[in-house]
Each structure stands twice: as structure tokens, then as C-alpha cells.
Amino acid sequence: MIKNVIFDIGNVLLDFCWKDHIARFGFQGENRIAQAMMLGHIWPKLDLGLESDEDILEQFVAHTPELEQEIRLVFSDLSTIVREYEGSVDWIESLKARGYYTYYLSNYGERIRREASKELSFLSHMDGGIMSYTVHLAKPDPAIYQTLLDRYGLKAEECVFLDDTVRNV
């Protein structure tokens with residue numbers, strides 16, 4: 001029997017709205033910046049929490065030096081890169097009202113959590129969870145799932161996990 005609902009955060013409870021974030025700095029339809037940053041191979045390092053933000057920024061710049069000014073500007077403030085979906089809290093509360101426990105398990109970076117904390121109001125309604133930067137593990141590594149189960153004494157067969165990325169489920 002399912003007792004626990006585990007949520008990914010990005011694109012499940014909040015919008016990873018990188019296009020709007022880039023546009024905020026005056027770059028309309030700028031996919032080159034997104035490819036150099038949010039959609040590239042370096043971005044997931046933010047979620048692991050093993051390297052400083054400054055080191056990751058320098059990796060972005062080294063990878064795409066022709067966009068250095070744009071990258072530095074877009075990376076200077078990440079407070080608008082996520083936006084909580086309307087209804088996220090209601091969704092969690094409706095599950096809790098029906099007797100389910102709710103948790104989060106997300107590849108998420110410390111800086112975004114800090115700078116966009118106002119977009120994470122649903123966290124206080126949940127029974128617990130793990131953001132990847134706190135354990136230096138990321139989905140789909142089986143160790144992060146096991147860490148969540150162990151931390152909260154959960155049984156996998158009593159959990160359902162909701163994620164926007166197939167390989168993570």
C-alpha cells in the first residue's frame with residue numbers, strides 16, 4: 001500500500017523558468033546562453049554541491065568564452081530562475097489530508113535554494129526530503145534514493161515518486 005508521495009521539485013512543484021530568467025537580463029530568445037549554462041553539461045555540478053559557485057562560473061566562461069559577459073550577468077542573480085507553481089501547496093495539503101506523507105527528492109543547488117527561497121513555500125508543508133547538494137549525490141544515482149529511504153525510515157514499496165525526467169523514476 002502506498003503511504004508516501006515523494007516529489008521532485010523542478011518542473012513538478014515549481015517551474016525551472018530559465019527562459020524568463022535570461023529574458024530578465026534583456027536577452028530575448030537567447031538559446032546560446034541557455035546551452036552554455038542551464039542546458040549544458042556543467043549545470044548539474046551546481047546540484048552536487050562539490051564545487052564553489054565561483055568555480056562553476058569560471059567553467060561556464062571557459063567553455064563558452066565568447067559569452068563571458070552574458071554568462072556573468074545571468075549568473076549574478078539566480079533568484080528568478082524558478083517559480084513555484086500555483087497549487088503546489090494545495091496539492092501537498094490534499095495528499096496529507098488523505099493520510100499520505102509527503103517528501104521531496106531533488107537535484108537542487110544550494111545557491112538557488114538560498115536566492116529563490118521564497119519560491120519554495122511548499123517545503124514547510126512536507127514531512128521531509130533531500131536536496132542533492134546536501135548529500136553530494138544526484139538522481140539517478142541509486143544512493144540518493146536509498147539515503148532518503150534510510151533517513152526517514154521509508155519502505156520503497158510504500159512510496160511513489162513523481163519526477164519530470166524518466167531516467168530518474
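Glu 158 is found in the loop that runs between helix 9 (142-152) and strand 6 (159-162), where helices (H or I, at least four residues) and strands (E, at least two) are DSSP runs numbered from the N terminus. The structure is a predicted model, in which local features need pLDDT of at least 70 and side-chain atom pairs count only at pLDDT 80 or more, whereas totals for chains, interfaces and linings use all residues. Residues are numbered from 1 along each chain as its sequence is written, and side-chain values use heavy atoms, with hydrogens and water left out.

Glu 158 has a relative accessible area of 17% and is therefore buried; buried denotes under 20% relative accessible area, exposed over 50%, and partly exposed the range in between (1.4 Å probe, protein chains only). When neighbours within four places in sequence are left aside, Glu 158 is in contact with Met 1, Ile 2, Lys 3 and Asn 4, contact being defined as heavy atoms within 4.5 Å.

In helix 4 (residues 53-63), the buried residues are Ile 56, Leu 57, Phe 60 and Val 61. These residues lie on the same side of helix 4 because they cover an arc of only 140 degrees around the axis, the arc being that of the directions from the helix axis to the C-beta atoms. Their covering includes helix 2 (31-36), helix 3 (44-48) and helix 5 (68-75).

The largest nonpolar core contains 41 residues, of which Ile 9, Met 37 and Phe 122 touch the most other members. A nonpolar core is a set of buried Ala, Val, Leu, Ile, Met, Phe, Trp, Tyr and Cys residues joined through side-chain atoms within 4.5 Å. At least two residues of this core are supplied by each of strand 1 (4-7), helix 1, helix 2, helix 4, helix 5 and helix 6 (88-97). Helix 4 gives the most, with four residues. Beyond its neighbours within four places in sequence, Phe 122 is in contact with Ile 9, Leu 13, Leu 14, Glu 84, Ser 88, Val 89 and Ile 92. Another core, of 12 residues, lies apart from the largest one and has Ile 130, Leu 137, Ile 144 and Leu 148 among its members.

Side chains of opposite charge can pair when their charged atoms come close. The structure holds 12 salt bridges, each a side-chain nitrogen of Lys or Arg within 4 Å of a carboxyl oxygen of Asp or Glu. In one of them, the side chains of Arg 24 and Asp 77 meet at 2.6 Å, N to O. Arg 24 belongs to helix 1 (residues 18-24) and Asp 77 to the loop between helix 5 and strand 3 (82-84), so the pair ties together parts that are 53 residues apart in sequence. Arg 24 is partly exposed, with a relative accessible area of 40%, and Asp 77 is likewise partly exposed, at 23%.

A salt bridge also joins Arg 72 to Glu 68, with the closest N and O atoms 2.9 Å apart. Both residues lie in helix 5, four residues apart, about one turn of the helix. Arg 72 counts as partly exposed at 30% relative accessibility, as does Glu 68 at 33%.

Lys 139 and Asp 163 form a salt bridge whose closest N and O atoms are 2.6 Å apart. This pair links distant parts of the chain, with Lys 139 in the loop between helix 8 (132-135) and helix 9, and Asp 163 in the segment after strand 6, 24 residues apart. Lys 139 and Asp 163 are both buried. Through salt bridges that share partners, Asp 8, Lys 139 and Asp 163 are joined into one network.
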